Amino acid sequence: MNVPEKGEPYTIAWEGETGSIIYIDQTLLPGRCEVMRCTTVDDLARAIRRLEIRGAPALGIAGAMGVALAATRSREQGLDRFREEIRRAADLLKGTRPTAVNLSWGIDRVTRKVMMASSIEEAKVLAVAEADAVAREDELTCRKLGAFGEDLFPADCTALTHCNAGALACRCWGTALGVIRSAVEAGKHVRVVACETRPLNQGSRLTCWELARDGIDVTLIPDSSAAYLMRRGEIDLVIVGADRITRDAVFNKIGTYMHAISAHYHEIPFYVAAPVSTFDLARVEKEIAVEERGRDELAWCGDQMLTPDGVAVHNYAFDATPLDIVDAIITEIGVLRPPYSRSFRLVRG
Ligand code: MRU
């Protein structure tokens, strides 16, 4: 398949002619940028588990398109059995990555449409239309969020980011990196410091790839040097994405919490950029299951053994940052500031 052109490669898209999902396989970057195709829900579940598709908003789109895939590929003739098949597909997809709430949000949005339909044919049409709406809205959301967020950036600044909350984590543009793109577009001079984001290196592989490709000034650092750079006065602000925002905490890639603590200590603003679909205000931190990933991600680097056999490994994919050290949450409906118990009312609607 074709390699996307520089500029507007969509991370994930519905291919109408073949009724399948096409996406950039993020495990191959930065060495290769290849577009893959999913034609079954099992393929999609595997791609999500392997992080070929990753990042909260992109998972929301993948979940929505996954339900559309299940609906359009179904051979069931009876409406009840068809609905049962969709529920099974939805459950399978939801189980692939439990922490990023956008995944179940996207799945539920399309499943609701399917369940409302009075015929299988109608359900198929509605599912594709809703999945397409989820994808298109994501682009608009990132642009709005970027416009609100860039106001927080000084005209000349260095921003530290962790993981990848960019075009690759969404349909395009990005959340945290979307704010950076909007600031650059507004003529600001922004230098980005990208943390490598061990163990899967979303920072060095993905953030550096997409920013360098767009000509945005980016420098890679090991995760462990972030606090020292802050101490030296080399960081003006921190901006990250989110996988889930509960009433009391922001869940994001493991390592985010330590950056938030360091930023707080050094009196550097710590910003989170996330769409409203990432909020889960019915829950608090301790109710959320944090995904734990396999030992090999830490114990091996390709063929190279990094720790002896038998040594135990903790590999949490995400951590939680308490809201009292978050200076602002940038959303598509505006910038939310503390006290969050009040500003979250805007999200609840
Ligand atoms: O494990 P990943 O790569 O899916 O984790 C992604 C992150 O933690 C991102 O920061 C988050 O999803 C926000 S993406 C806009």
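A polar contact is a pair of N or O atoms within 3.5 Å; within protein, one must be able to donate a hydrogen and the other to accept it, and residues adjacent in sequence count only if both atoms are side-chain atoms.

## Basis of the model

This is a predicted model, in which local features need pLDDT of at least 70 and side-chain atom pairs count only at pLDDT 80 or more, while totals for chains, interfaces and linings use all residues. Residues are numbered from 1 along each chain as its sequence is written, and side-chain values use heavy atoms, with hydrogens and water left out.

## Contacts to the ligand

An oxygen atom of the ligand lies 2.8 Å from an N or O atom in the side chain of Gln202. For Arg54, the distance from a side-chain N or O atom to a ligand oxygen is 2.5 Å, and for a polar side-chain atom of Arg97 it is 2.7 Å. The protein buries 100% of the 410 Å² that the ligand exposes when taken alone (accessible areas by the Shrake-Rupley method with a 1.4 Å probe).

## The surrounding shell

There are 18 residues around the ligand, a residue being near if one of its heavy atoms lies within 4 Å. Arg54, Arg97, Asp243, Asn252 and Lys253 come nearest. Domain 1 (12–143) and domain 2 (148–348) each contribute at least three residues to this shell; the domain bounds come from an automatic or database domain assignment.

## Backbone features

Two peptide bonds are described here as cis. The bond from Leu29 to Pro30 is cis, with omega near 5°, and the bond from Pro338 to Pro339 is cis, with omega near 0°. Leu51, a residue other than glycine, has a positive phi near 65°.
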